[in-house]
Amino acid sequence: MMNYLFSVFQDERFMDLTIYQYGYEKCEPLHSFGPYVRNNYLFHYVISGKGCLHANDEKGDATFYDIEAGNGFIIEPGYVNTYYADNDQPWEYVWLEFGGLRAKECVELAGLSHKSPVYSLADPSYGKILQDRMMTIVRSQNSSNLELIGYLYLFVDCLIKYSASKRQFQGGKLSEFYAREAVVYIEHNYNKDITVEDIAKKCKLDRSYFGKVFKNVVGQSPQEFLIHYRMTKAADALIIGDESVGDIGVSVGYPNLLHFSRAFKSVYGVSPREYRQKNKIIESFRQETGQQ
C-alpha cells in the first residue's frame, strides 16, 4: 500500500449525506495539519500509531486529546483544529470528509461533537469493520457516484452502530423539509446576488425563524452555509480550472474582487491566490500518481 491516497468526490446531487474528500495516509513523525477550519465534517480512524488533536471551542480555547490506534476523531465545521502524529509512533489513518442535511444528526447519533470529538468503539473487534468500510471508499476511484454514496451510508451506519457513546434516533421533522428546500435554492442560485432574506422568502418563513430552523438542522446559520458553499465552489475552480481569481469570484456571486478575497480567506485562512498555488501542487501529485 502507498503511504498516501487522496480523492475528491464532485457530484452535488446528494443532499441528505454526501462525501467530499477521502484518503489514507501513513504519516511521518510529527506530521501535522492545521490550524484549519473545515466546511464539513471530517472523520479520521487511526489504524496504527498515535497522535494528538488540538480542538478549539467557540472562545478559541484549545483542548488536547491524545488518540491511539482503534480510536477516531471528528472535526466539526466552523472550528479551528490542529492535529499531528506522534514522534516515536506516528499514526496511520484513513479519513472521510462528508456533509449534508443529515450529517449533523448522524454525527450526534454517534455521540460526537466539537465538545466530544474522540470516537471510541463499543467493542475493539468492530474496528476492523469500520476500517474496511472506510478503505473501501478510499480504494474506489473507479466506482460510480451512486456506489460511493452507498458505501458512505454503510460507513455512517457503522460509525453510529459501533460507537461506545451512540444515541437514540429521533424521527424527521418539518424543519428538515425547510432546510432541504433552502439548500436546493442555494445550490441553484449561489452565483447570483441572493441574501438570507431571499432564501427565507423562498421557504415562506420569517427570516428570524428560518435562521433558527436552518441552523438547528444543518449546524450552520444560513449566511455561514451560503458563504461556505460559495467558497467551496471557488476552491474547486481554483484547483481544477485556469480562470482568473476575479472571474471565479464573479462565478460564485462576488463581483467585487476584494470582497471575494476577504470571504475566501475567512473560510480557508489564505487568499484565493495562495490557495491555488498550494493546492495546484496536490492536484499535480494526484495526476502524476494516476489518482482519480
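## Loop residues with positive phi

Lysine 204 is found in the loop between α5 (196-202) and α6 (207-218); helices (H or I, at least four residues) and strands (E, at least two) are DSSP runs, numbered from the N terminus. This is a predicted model, in which local features need pLDDT of at least 70 and side-chain atom pairs count only at pLDDT 80 or more, while totals for chains, interfaces and linings use all residues. Residues are numbered from 1 along each chain as its sequence is written, and side-chain values use heavy atoms, with hydrogens and water left out.

Phi of lysine 204 is near 60°, a positive value in a residue other than glycine. With a relative accessible area of 73%, lysine 204 is exposed; buried means under 20% relative accessible area, exposed over 50%, and partly exposed in between (1.4 Å probe, protein chains only). Leucine 30 lies in the loop between β2 (18-26) and β3. Leucine 30 also has a positive phi, of about 65°, although it is not a glycine, and it is partly exposed, with a relative accessible area of 48%. Most residues other than glycine have a negative phi, and most peptide bonds are trans.

Glycine 34 and proline 35 are joined by a cis peptide bond, with omega of about 5°. Proline 35 is placed in strand β3.

## The four-stranded open sheet

An open sheet of 4 strands has the order β3-β8-β5-β6, with antiparallel pairing; two strands pair if DSSP finds at least two bridges between them. The edges are formed by β3 (32-37) and β6 (62-68), each with a single partner strand, so one side of each is left without a neighbour in the sheet. Neighbouring strands of this sheet are turned by 15° against each other on average, direction ignored; the axes are lines fitted to C-alpha atoms, for helices over the stretch in contact, and angles run from 0 to 180 degrees between N-to-C directions.

Within this sheet, β5 (residues 50-56) pairs with β8 (residues 80-85) in the antiparallel sense over 5 bridges, and 7 bridges join β5 to β6, also antiparallel. Cysteine 52 has tyrosine 84 as its bridge partner in β8 and stands opposite aspartate 66 in β6. Histidine 54 stands opposite threonine 82 in β8. Of the 7 residues of β5, 6 are buried, so the strand is largely enclosed by the rest of the structure.

## Strand β4 and its partners

Strand β4 (residues 41-48) has 6 of its 8 residues buried, so it is largely enclosed by the rest of the structure. β4 pairs in the antiparallel sense with β9 (residues 92-99) over 7 bridges, and serine 48 stands opposite glutamate 92 in β9. An antiparallel pairing over 4 bridges links β4 to β7 (residues 72-75), where isoleucine 75 is the bridge partner of leucine 42.

## Cysteines and disulfides

A search of the whole structure finds 0 disulfides, a disulfide being a pair of cysteine sulfur atoms within 2.5 Å. Cysteine 27 counts as buried at 6% relative accessibility. Cysteine 52 is also buried, with a relative accessible area of 6%.

## Helix α9

Helix α9 (residues 257-268) has 12 residues, which at 1.5 Å a residue should span 16 Å; its end C-alpha atoms are 16 Å apart, in agreement. The expected span of a helix is 1.5 Å times one less than its number of residues. Phe260, Ala263, Phe264, Val267 and Tyr268 are the buried residues of α9. Seen down the axis of α9, these buried residues fall within an arc of 115°, so they line one face of the helix; the arc is that of the directions from the helix axis to the C-beta atoms. On the other side of α9, Arg262 and Ser266 are exposed.

Both ends of the helix have local features. At the start of α9, a side-chain oxygen of asparagine 256 reaches to within 2.9 Å of the backbone nitrogen of leucine 258. A polar contact is a pair of N or O atoms within 3.5 Å; within protein, one must be able to donate a hydrogen and the other to accept it, and residues adjacent in sequence count only if both atoms are side-chain atoms. Just after α9, glycine 269 takes a positive phi of about 80°.
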